[in-house]
Amino acid sequence: MSHPSFVSVDDIKETKCPIAILGAETDFMSPPELVKQFEQILSDSGIRHFVKIYPGVSHGWTVRYNSDDATAVKWAEQAMVDMTSWFNENLK
């Protein structure tokens, strides 16, 4: 999930398969504190997971970023690398 929307702690508690969650430093839909709760729940449950909060970006940064902003481009590209690596590891 990139910059998840309308995902609750209860939703994450129901997770049964490996999951990746990419969060934004500035995100009213899923603030870093909530993403960190997701990570704790997944760790406690033993579900394989990848959780990362990307600095200096806002909700939607992986698909709606300013291509003239070098920082935005850098983090969008890094998110693509992180997700591709995660898929390669977990979807065999």
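**Rings and charges**

Modeller: Start with Phe-87, which is partly exposed because its relative accessible area is 40%. Buried means under 20% relative accessible area, exposed over 50%, partly exposed in between (1.4 Å probe, protein chains only). This is a predicted model: local features need pLDDT of at least 70, side-chain atom pairs count only at pLDDT 80 or more, and totals for chains, interfaces and linings use all residues. Residues are numbered from 1 along each chain as its sequence is written, and side-chain values use heavy atoms, leaving out hydrogens and water.

Colleague: What makes Tyr-54 count as buried?

Modeller: Its relative accessibility is 0%, so Tyr-54 is buried. Trp-61 has 3%, so that residue is buried too.

Colleague: Why is the pair of Trp-86 and Phe-87 called edge-to-face?

Modeller: Rings of Phe, Tyr and Trp (its six-membered ring) pair if their centres lie within 6.5 Å; planes under 30 degrees apart count as stacked, over 60 as edge-to-face and the rest as tilted. Here the centres are 5.4 Å apart and the planes stand at 65°, so the pair is edge-to-face.

Colleague: How do you know that Lys-52 and Asp-82 meet in a salt bridge?

Modeller: A salt bridge needs a side-chain nitrogen of Lys or Arg within 4 Å of a carboxyl oxygen of Asp or Glu. Lys-52 and Asp-82 come to 2.9 Å, N to O.
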